[in-house]
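Here is a short briefing on one protein model. Take a look at the sequence and the fold before reading on.

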Amino acid sequence: MSKLPPCPQCGSEYTYQDGALLICPECAHEWSAHDSAASATEGGKVVRDANGNELEDGDTVTVIKDLKVKGSSAVVKVGTKVKSIRLVDGDHDIDCKIDGIGAMKLKSMFVKKA
């Protein structure tokens with residue numbers, strides 16, 4: 001008997017399968033068994049850019065919106081290329097270095113894969 005994955009929303013271990021769906025009896029969250037298997041093999045969260053392309057560590061991205069740097073008068077301009085990004089968990093899912101500004105954290109929704 002194969003072990004079903006825990007609920008991605010509440011972490012409950014009491015999930016059960018109903019057809020193609022997995023269901024959590026504690027929070028009533030339903031998700032596809034295929035999605036669960038894909039994320040388990042990839043090791044977690046998939047980060048996507050503004051166009052829906054999957055991002056990976058080491059990718060080069062381009063900023064699609066002027067971004068104000070918190071605590072400074074500097075601005076990251078549209079079209080700025082950012083090389084060798086690193087994906088992290090959290091609200092801002094990209095760690096990077098930007099020439100002239102330094103180390104920053106960016107949200108993936110404001111970049112596109114170059």
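How many bridges join strand β9 to strand β10, and do the two run parallel or antiparallel? Five bridges join them, and the strands run antiparallel. The model is predicted.

**The hairpin**
- Strand β9 covers residues 94-98, and β10 covers residues 102-106.
- Ile94 has Leu106 as its bridge partner in β10.
- Three residues lie between the two strands of the hairpin. Gly100 takes a positive phi there, near 85°.

**The nonpolar core**
- The largest nonpolar core holds 15 residues. Val82, Cys96 and Leu106 have the most contacts inside it.
- The largest share, three residues, comes from β9.
- Leaving aside neighbours within four places in sequence, Cys96 is in contact with Val82, Ile85, Gly102, Ala103, Met104 and Leu106.
- In soluble globular proteins, nonpolar side chains tend to be buried together.

**The largest pocket**
- Its volume is about 250 Å³.
- Strand β10 gives the most, with three residues.
- Lining residues include Lys65, His92, Met104, Lys105, Leu106 and Phe110.
- By class, the lining has five nonpolar, one polar and five charged residues.
- Leu106 lines this pocket; Leu106 is also among the residues with the most contacts inside the largest nonpolar core.

Technical notes
Residues numbered from 1 in each chain as written. Predicted model: local features only at pLDDT ≥ 70, side-chain atom pairs only at ≥ 80, totals over all residues. Heavy atoms only, no water. Pairing = 2+ DSSP bridges. Helix = DSSP H or I, 4+ residues; strand = E, 2+ residues; numbered from the N terminus. 1 Å grid on protein atoms, 1.4 Å probe; cavity = no way out; pocket = protein on both sides within 12 Å on 5 of 7 lines; lining within 4 Å. Points joined across faces, edges and corners; volume = space filled by probe spheres on them. Nonpolar A, V, L, I, M, F, W, Y, C, P; charged D, E, K, R; others polar. Core = buried A, V, L, I, M, F, W, Y, C linked by side-chain atoms within 4.5 Å. Buried < 20%, exposed > 50% of the residue type's maximum accessible area, 1.4 Å probe, protein only. Contact = heavy atoms within 4.5 Å.
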